[in-house]
Amino acid sequence: MCSIFAYIGYRKAQPILLDGIRRMEYRGYDSAGIAVKNPEIQVIKSVGNVSQLQEKITQIFDGQTGIAHTRWATHGGVTDENAHPHFSFDRKVVLVHNGIIENYKALARQLQSLNIELKSQTDTEIIAHLIALELKSGKNPTASVLNTVKKLRGTWGICVMFADHQELVCARFGSPLLVGKNENEMFVSSDPHALHPYTDRVIFLEEGHIATLTQNNVELSSPTKNSVKAEIVTLEQDWGEAELGEFEHFMLKEIYEQPDALRHCVSGRMSLNQGIGRLGGMRLEPAVLQQTPHVRLLGCGTAFHAAEIGAALVERLARIPAVATISSEFKTNDPVINPKAIHLAISQSGETADTIAAIQEIHLKGAKAYGVVNVVGSTISRLCGQGVYIHSGPEQAVASTKAFTNMIAALTLFATQIGRSRHISKDQGVDILKELQQIPHKMEGYLESQGDIMKAVELLKDAKCVLFLGRGISAPVAKEGALKLMEVAYIPCLAYPAGEIKHGPIALLEEGSPVVVVAPNDSLQVKALSAIHECRARGAKIILIHEEGDSISSEGDISIAIPKCHELLSPLLTVIPLQLIAYHTAVARGCNVDRPRNLAKSVTVE
Ligand code: AGP
């Protein structure tokens, strides 16, 4: 989604700005632009990617201050005019913005009544004009930004450059921004990852904060305080340069990284002699675990599917109600929140606006939320203040793979922790944890011998629609398989708990319709088998994911075996063939696997 990068210092700004936004390309965007003070403000914008922007830039400017942006369209089409940065009417102010201004239409009408002509269809441009009006009335840059943001409703991370003033001014409300500090230079970024090559000393702007930057100084203020103390923290995790190595795409690379990523996630977090997962960052005492009335797990997309699996694990192991809720639906439904309940907010990026909004609702109603997050220092991890990092390492492909399996691994550890304090015996706990320890090895075994993935791709690549089915803990795996195929190969997919097909989806089936069934060797396999028969009777072709050596294998037109495993841990393995099917189908269809159309890695707008 949209990204911001800015520089003020002693070096030429332009190459640094382009490098900064290139490092955030993985987030997904549709246009890009930069503005450099040279000493006149030069703005160059382009539809497409950063390389296309670079082609448009015919010279290297000497200017040492600049702002840059990649845009993921929300208001107004994908055009050069709508790309950021945006100038004010008098060209005294230029800015970039992440987020959505909800009252922009009303503000645009006010500007038009002052004969200010809007040049774009964006909600962003009005901010530049409002700041310019404040400047014109005699305010300094910081006060101009402050007075302007008081008029805005919605979310913003903005970075503003001025024709007649040296400083850059940034403001944050609902959209992350951080300042990187170095000797005689400052950086602004919406993503810590982009700052790593330049500095590890950063200041995370908090909600409502305004930062005024010169090359040697950062001053923080807020609408209520003239001065706020800046807390400099050291960035912990360096993603480094994510290289493709032997792989053609990041999605495939990340699928193959799952065994090691999972080892990393569980390492040091199991007490095998007690049969208990240890998640120190959650800071949950047994007494709290014992008294909690229920567990609620929140997430979007893949994280929601992991939440559904986590809920099933908690119910099975702790025998208390556990429910997974899609974050974007949470606050909408004015939820009843019990402050004693445990709320888990699950997110790879830690920046998903819908999940952040859900956490804010939980806090508002007096309860705590615990983050289950990949990106260290992200908004969700800081907002929750406690939780567990899933340690997947950088996930660059838009389609999430290794974060999904690590979310499940972390939730399995949590489920054994709460399970041991309430219901399961030590032996049961030990059994699950020992099996969990074996999963990376089993993943490697499967990746070495993947079965008939390419036959499945042949069946799917020209399909009109694909139905995914699973029962119990495999139902969310089926959903995840459908999401993966849909997002990278653009094939319409439906996913249902297998028992549900006879209540509607079976109407879709005709001769040759592909149906993917996830049927590990658990207590519900016999039910999945009934669904297979119902589908085959209507001419469907079955792609079956099953455990090796299992007699159900003869029921698939294409049968793909995963290693045998504990029935509660099967999602960690059954999902891998589904990820591979999605990947290879997308390649076969010539799709842009790592950057699927219209999608963003971090969805930072509600
Ligand atoms: C996954 O493949 C998707 N790209 C998407 O559904 C993603 O899982 C969702 O947007 C949530 O992201 P998060 O984990 O960063 O919060």
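Helices (H or I, at least four residues) and strands (E, at least two) are taken here as DSSP runs, numbered from the N terminus. The model is a predicted one, so local features need pLDDT of at least 70 and side-chain atom pairs count only at pLDDT 80 or more, while totals for chains, interfaces and linings use all residues. Residues are numbered from 1 along each chain as its sequence is written, and side-chain values use heavy atoms, with hydrogens and water left out.

Two cis peptide bonds turn up in loops. Proline 85 sits in the loop between strand 4 (65–71) and strand 5 (86–87), and the bond joining histidine 84 to proline 85 is cis, with omega about 5°. The other case is the bond from asparagine 38 to proline 39, again cis, with omega near -15°; proline 39 belongs to the loop between strand 2 (31–37) and strand 3 (41–47).

Most residues other than glycine have a negative phi, and most peptide bonds are trans. Asparagine 184 goes against the phi part, with a positive value of about 60°. The loop that holds asparagine 184 runs between strand 9 (178–182) and strand 10 (185–189). With a relative accessibility of 35%, asparagine 184 counts as partly exposed (buried is under 20% relative accessible area, exposed over 50%, partly exposed in between, with a 1.4 Å probe and protein chains only). Arginine 319 is also a non-glycine residue with a positive phi, near 55°. Its loop lies between helix 9 (301–318) and strand 18 (322–326), and arginine 319 is exposed, at 52% relative accessible area.

Serine 144 makes a contrast in accessibility. This residue of helix 5 (residues 141–149) counts as buried because its relative accessibility is 0%. Beyond its neighbours within four places in sequence, serine 144 is in contact (heavy atoms within 4.5 Å) with Ile131, Glu134, Leu135 and Lys139.

On the domain level, the protein chain is divided into domain 1 (2–234), domain 2 (245–448) and domain 3 (450–598), with bounds that come from an automatic or database domain assignment. The C-alpha centres of domain 2 and domain 3 are 24 Å apart. Across this pair, 40 residues of domain 2 are in contact with 36 residues of domain 3.

What about the interior? A nonpolar core is a set of buried Ala, Val, Leu, Ile, Met, Phe, Trp, Tyr and Cys residues joined through side-chain atoms within 4.5 Å. The largest one has 92 residues, and Val295, Leu344, Phe414 and Leu436 have the most contacts inside it. Helix 13 (residues 402–422) gives the most to this core, namely eleven residues. Domain 2 and domain 3 each supply at least three residues to this core. Leaving out residues up to four places away in sequence, leucine 344 touches Met282, Val295, Arg296, Leu297, Leu298, Tyr370, Val372, Leu411 and Phe414.

Two packed helices are described by the angle between their axes and the distance between the axes. Helix 7 (residues 258–266) and helix 14 (residues 426–448) pack at about 175°, with axes 8 Å apart; axes are lines fitted to C-alpha atoms, for helices over the stretch in contact, and angles run from 0 to 180 degrees between N-to-C directions. The pair is therefore roughly antiparallel (angles over 145 degrees; under 35 is roughly parallel, 65 to 115 roughly perpendicular, and the rest oblique). On the helix 7 side, the contact is made by Gln258, Pro259, Asp260, Leu262, Arg263 and Val266, and helix 14 brings Leu436, Ile439, Pro440, His441, Met443, Glu444 and Leu447.
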